[in-house]
Amino acid sequence: MPQSEYRKENRENNRTDRNNSYDNSRKNQYRDVDKKEEETKKEVVTPQNRDITVELKSNTAKTKSLIKEKGPVTIASLKISLAEVNNMLVEFYDAQLNAFGAQGLKDKDGNPYNAANYSTPEEKLTALEAITHYNLERNAEFTSAHKERIEEIKNKKALLKEKAEKILNTQKEAIEYNFELIKEAREYIHKKELESAEINTKKTETRAKVDALNNDKASYETQKADIQSKLDKLNAERKELQEKINEIREKELNQGNANNGKQRNNQNAGYYTAMSQQLRGLSDQITEQERNLTTINEKISICDHDIAELENGVLKSLDEKGRALESEIEGNNKRLKELETSTGKLVSKHDKDIDTLNDAFKEKVKGLVEDDIKLNYSDKKADEAKEKEELEAKSETPSNDDKTQANNSTATTTSTNMPVPSDASNLEYANTLVDNLKRTSAEKIRWMINGEGYSDMIDAMDAADVLHKKDLMAIIENVQNDFELPDYNEFLDCIKDFAPKKINPDDVYDCLFNGGKINNFNSLNKKQIDMLQYVMDGYLKAKLKLSGDQLESFEKNFAQFVKTGALLQRGSRLAFNNGIRGIFNNIFNRSLNASRNRLLYTMSDYTAARFKDLNATLKRKDEFKKDLGKKVEDYSEIPPTRGDVRKRDLKSKVDRGIL
Amino acid sequence: MILVNDNLLDEIEENNRIIEEADRTLEQINRLTKLMDEWVGEK
């Protein structure tokens with residue numbers, strides 16, 4: 001079974017298993033959309049065609065697919081959590097109200113408080129609030145009774161915090177799932193809009209056919225009128241001739257009678273014969289024109305038939321189908337828009353919930369940011385576990401390579417690095433990385449950006465809190481400020497080798513620099529970001545054929561600016577637009593953000609590959625020197641390479657002392 | 001009007017309803033937490 005089919009089937013089976021209530025019929029409705037998605041996944045990556053675009057596309061599809069896969073489970077889990085927490089709350093409210101009643105506290109009607117008198121949980125909670133506010137300062141017994149159960153209340157509060165965290169996290173995933181469904185619905189509607197456009201095209205084509213038939217018919221009608229006119233004329237001529245013949249006959253008859261039938265009027269005989277011949281000729285012409293008339297009538301009849309068939313059959317059917325489709329699109333668009341708006345409101349509400357609960361518990365509720373990380377890293381967990389195993393295995397029997405790497409690691413780890421607790425979250429690791437970077441020299445940071453550190457900075461930019469993100473951006477800006485702006489002509493010479501013909505190297509220069517300064521990538525539009533991407537793509541294609549000087553020139557004139565610019569853009573995007581609100585906003589900038597992400601990850605891969613090549617070259621040089629008995633230069637200052645940096649996360653790196 | 005993707009839109013609507021319910025539950029947790037603080041004299 002082809003892999004794509006297996007995935008599809010597996011996905012559908014999982015979905016069905018996880019939520020029996022999920023309606024399978026919808027899958028059929030979106031089979032085309034799914035098919036398209038599967039076709040995208042079907043692309044086979046070989047060493048020849050493997051590039052960042054394919055990988056990024058596959059990763060994006062994977063993340064979306066994960067959200068969609070998990071969706072029904074998330075919703076089911078949210079339902080279960082809510083039922084559980086609501087029951088817990090009601091039990092607690094009931095117990096408190098009944099306990100207050102037992103203590104002799106009475107409601108406004110003079111009856112002891114009794115939970116059974118309140119129908120909804122909200123009413124019970126409101127009653128508890130009212131009792132508390134009334135008795136707290138008036139009733140010493142009420143106050144002291146609670147003071148005696150501080151531990152119990154604190155435990156309950158801790159439990160509530162745990163439940164609130166779970167609900168917040170699941171709620172966020174549910175919102176993300178809804179956005180995926182909204183996207184799916186939008187794709188479906190778009191597909192229907194295409195169908196509607198296709199119907200309109202068919203209608204226009206059919207109408208053109210009808211018009212052509214009507215034109216033919218009009219032409220035949222003209223011909224028919226012409227034939228009819230000829231026919232009338234011929235009939236008139238024949239009639240006139242016939243009358244003349246009759247007249248001659250009559251004269252002959254009269255003369256014959258007078259001659260007693262013995263003499264013929266020889267004078268008229270020739271004339272009579274000529275007229276008879278003319279009459280026959282006219283009759284032949286009339287017959288021919290009548291035949292023409294029949295043919296033309298047949299043609300007109302065919303036209304009428306075809307026109308009726310097109311108008312009453314094809315056009316009518318297309319009209320009905322088109323109207324139904326337009327109505328469906330209109331209705332669906334309206335409803336989808338309402339749902340988008342209500343989902344958007346839920347995003348704001350979710351953010352407020354987090355703020356309110358943070359305030360209520362007087363400490364951070366593990367909500368938004370950390371959950372974002374979980375999502376980003378969810379597909380990396382398997383890699384992490386595998387990596388841990390590998391590391392453990394290696395630590396038992398260290399090889400020479402490991403020793404070298406360990407030495408390099410030590411060399412790049414600052415002695416002032418802050419320790420991180422073993423159970424720290426990615427948020428904490430990211431923040432610690434930024435704190436460590438703040439104490440690291442500019443030179444070392446520049447090396448890190450040019451090496452393995454680049455992808456870590458992307459991860460940290462995503463994972464750190466807002467303040468640390470801003471610190472990290474300031475660190476990168478400092479590095480960028482030290483860059484020497486390229487010579488204009490040298491830049492153009494360098495770029496023209498990689499830019500496709502449709503791109504003017506001048507425009508590429510304008511994307512990166514303005515008034516002797518490096519441009520802020522936030523100001524670049526999609527077209528400009530794509531332009532930079534084209535240059536990168538051109539470089540990646542040509543890379544193997546380039547000389548060392550060309551590679552260096554590309555880095556110096558172009559890549560280092562794009563690398564830092566894209567990273568800073570990522571930071572500014574996330575620093576003020578984080579979490580679920582960011583996801584909502586991203587929907588409206590999807591196309592631009594997709595280009596930005598693609599460029600950023602291209603730069604990440606470019607940096608990793610370039611660093612790997614550089615390290616390999618240095619190692620080869622050293623080995624050669626060793627063979628010649630020469631002294632080997634110490635290049636331990638260069639950050640260590642660990643293969644594909646994107647497969648690792650911050651936690652494992654900080655654990656290993658790399659960062 | 002034929003809404004062929006009713007199921008999908010219904011699903012989104014139902015999900016929103018559950019998410020809203022979660023909001024209400026969180027609101028209750030918030031209120032109850034404040035109440036608990038008052039009981040133990042933390043507010």
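## Helices α16 and α17 of chain A

Helices α16(A) and α17(A) cross in a right-handed sense. This is a predicted model, and in it α16 covers residues 488-496 of chain A while α17 covers residues 505-512. Their axes come within 9 Å of each other, at a crossing angle of roughly 115°.

On the α16(A) side the residues that meet the partner helix are A:Tyr488, A:Phe491, A:Leu492, A:Ile495 and A:Lys496. They face A:Pro505, A:Asp506, A:Val508, A:Tyr509 and A:Leu512 of α17(A). Sorted by class, this contact holds eight nonpolar and two charged residues, with no polar ones.

## Helices α12 and α14 of chain A

Helix α12 (residues 426-438) of chain A packs against helix α14 (residues 453-463) of chain A, with 9 Å between the axes and an angle of about 120°. The two helices, α12(A) and α14(A), are therefore oblique to each other. The crossing of α12(A) over α14(A) is left-handed.

From α12(A), the contact draws on A:Asn426, A:Leu427, A:Ala430, A:Leu433 and A:Leu437. From α14(A), it draws on A:Asp456, A:Met457, A:Ala460 and A:Ala463. Seven residues of the contact between α12(A) and α14(A) are nonpolar, one is polar and one is charged.

## Helices α13 and α15 of chain A

The axes of helix α13 (residues 442-449) and helix α15 (residues 466-481), both of chain A, lie 10 Å apart. Their packing angle is about 95°, so α13(A) and α15(A) are roughly perpendicular to each other.

Helix α13(A) contributes A:Ile445, A:Arg446 and A:Ile449 to the contact, and α15(A) contributes A:Ile475, A:Ile476 and A:Val479. By class, the contact of α13(A) with α15(A) has five nonpolar residues, one charged residue and no polar residues.

## Interface of chain A and chain B

The size of an interface is often given as the accessible area lost when the parts come together. Between chain A and chain B, the buried area is about 4,900 Å². Carbon and sulfur atoms give 64% of that area. The contact involves 69 residues of chain A and 40 residues of chain B.

Within chain A, the residues that lose the most area to chain B are A:Arg335, A:Leu339 and A:Leu346. Together these three account for 12% of what the chain A side buries.

## Salt bridges

Over all chains, 29 salt bridges are counted. Four salt bridges are found across the interface of chain A and chain B.

A:Arg335, one of the chain A residues that lose the most area to chain B, forms a salt bridge with B:Glu13. The closest N and O atoms of A:Arg335 and B:Glu13 are 2.6 Å apart. Another salt bridge links the side chains of A:Glu129 and B:Arg31, at 2.9 Å from N to O. A:Glu129 belongs to helix α5 (residues 121-135) of chain A and B:Arg31 to helix α1 (residues 6-39) of chain B, so this pair joins two chains.

Key
Residues are numbered from 1 along each chain as its sequence is written. Chains are lettered from A and ligands numbered from 1 in the order in which they are written. This is a predicted model: local features need pLDDT of at least 70, side-chain atom pairs count only at pLDDT 80 or more; totals for chains, interfaces and linings use all residues. Side-chain values use heavy atoms; hydrogens and water are left out. Axes are lines fitted to C-alpha atoms, for helices over the stretch in contact, and angles run from 0 to 180 degrees between N-to-C directions. Helices (H or I, at least four residues) and strands (E, at least two) are DSSP runs, numbered from the N terminus. Angles under 35 degrees count as roughly parallel, over 145 as roughly antiparallel, 65 to 115 as roughly perpendicular and the rest as oblique. A crossing is left-handed if the near helix is turned anticlockwise from the far one by less than a right angle, and right-handed if clockwise. Contact means heavy atoms within 4.5 Å. Ala, Val, Leu, Ile, Met, Phe, Trp, Tyr, Cys and Pro count as nonpolar, Asp, Glu, Lys and Arg as charged, and the others, Gly among them, as polar. Buried area is the accessible area (1.4 Å probe) that two parts lose on being put together, summed over both.
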